[in-house]
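Please look through the sequence and the model below before reading on. The briefing that follows is arranged by topic.

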Amino acid sequence: MDEEVEELVEEVPDVGAKTKKAGKVMTWTPPMSACMLRCLAEIAKKGVKTDKGFKEVHITKAAKTLTILVGYAVTTTQVSNHLRKWKVRYQRIEKLRGLSGALWDDDQKMIVLEEQHYLGHTQDTPKDAEFLNTPLVNFEYMEACFANKLATGKFAMGSNEPLGKPIDVECSGKTIDLESGETIGEEFVQGQAAFDFGGQGMDATTPSPSSGSNKKRKRVSILSDEDAVQVSNMSDALRDVASAINNTCHAETHPDLCKTVMDLVGFEMDQKLAVLDYLTEHKAQGLNFMKMEVAVREASFKHIIAKNPDLV
């Protein structure tokens, strides 16, 4: 966040009290933002539970640290408001990392898009330009502060899914998931859906296992033949869509990468070949390598050799 952020904190007077002047405008600079995030990230890394946000004592500590840095009082309200803006920023970054064809450069903490993809996306959404193909400032601090507060795994649910918790029903040593798709929860509760007890079907009209009946029970199918055909056709269509999406992912290196590496002066051929193989394998770094100035490119070349001594 290169641009400075101004925040205004005002006190609301009590009824009948004299009107107070508005509070001083606080200008957040990049060093101040980094100081706040670093302080809170260190707290989170110590194992403090922050799943419901940072506690008041943590915000107070960050405010005191900032007060020492800038030389004037920083309130907890100012810290909380500014922290909320960084959380929104991190959520936006995580959404952009999920773009089709987007690559992640973990060394530079950068979301990399192929040039044409980048131009098309930023033309549609200009505000995303500051997050793409450029190192993300304070990303490690943001990740430590906010990463464990986003729903993941079995607790992550899409916007089109109903709220609630999947229910497991224990029956005769077998678990029945009412939201697994094999039975419909509402129909099950109303006694309309058929389910399987130890390999034998049972519906609302079938006698219970404890009734003493020895008649062979018929397995009841939930889907008709026509429905089964439609489901099969939908599955094939979804596979085609998934295949088409995968084919749009960027999987090629820059066409001038080989020439650019070989034209570097002051390096042995074995080193050039080794770095070329490395950049070909790590396509995101290869794209960044092509965008660098000559001096920075040579420094990056040396950095790759030093960081990966086994290449040569």
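**Briefing on the model**

Asn138 is placed in the loop between helix H4 (115-124) and H5, where helices (H or I, at least four residues) and strands (E, at least two) are DSSP runs numbered from the N terminus. This is a predicted model, in which local features need pLDDT of at least 70 and side-chain atom pairs count only at pLDDT 80 or more, whereas totals for chains, interfaces and linings use all residues. Residues are numbered from 1 along each chain as its sequence is written, and side-chain values use heavy atoms, with hydrogens and water left out.

**Overall make-up**

- The protein chain holds 11 helices and eight strands.
- Of its 312 residues, 29% count as buried, a term that means under 20% relative accessible area, with exposed meaning over 50% and partly exposed in between (1.4 Å probe, protein chains only).
- When contacts (heavy atoms within 4.5 Å) in the protein chain are taken between residues at least 6 apart in sequence, 53% of them join residues at least 24 apart.

**Two residues with positive phi**

- Most residues other than glycine have a negative phi.
- Asn138 is not a glycine, yet its phi is positive, at about 65°, and with a relative accessible area of 15% Asn138 is buried.
- Lys109 also is a residue other than glycine with a positive phi, near 55°, and its place is in the loop between strand S3 (103-105) and strand S4 (110-112).
- Lys109 has a relative accessible area of 15%, and therefore counts as buried.

**Helix H1 against helix H3**

- Helix H1 (residues 30-45) packs with helix H3 (residues 76-97) at an angle of about 85°, and their axes are 11 Å apart; axes are lines fitted to C-alpha atoms, for helices over the stretch in contact, and angles run from 0 to 180 degrees between N-to-C directions.
- That angle makes H1 roughly perpendicular to H3, since angles of 65 to 115 degrees count as roughly perpendicular, under 35 as roughly parallel, over 145 as roughly antiparallel and the rest as oblique.
- On the H1 side, Ser33, Met36, Leu37 and Leu40 meet Val79, His82, Leu83 and Trp86 in H3.
- The residues of this contact divide into six nonpolar, two polar and no charged, where Ala, Val, Leu, Ile, Met, Phe, Trp, Tyr, Cys and Pro count as nonpolar, Asp, Glu, Lys and Arg as charged, and the others, Gly among them, as polar.

**Aromatic rings**

- The structure holds four aromatic pairs, meaning rings of Phe, Tyr and Trp (its six-membered ring) with centres within 6.5 Å, counted as stacked if the planes are under 30 degrees apart, edge-to-face if over 60 and tilted for the rest.
- One of them is the tilted pair of Tyr90 and Phe139, at 6.0 Å centre to centre with 35° between the planes.
- Tyr90 lies in helix H3 and Phe139 in helix H5 (residues 139-146), so this pair ties together parts that are 49 residues apart in sequence.
- Tyr90 and Phe146 have ring centres 6.1 Å apart and planes at 45°, so their pair is tilted.
- Both Tyr90 and Phe146 are buried.
- Ring pairs link Tyr90, Trp104, Phe139 and Phe146 into a cluster.
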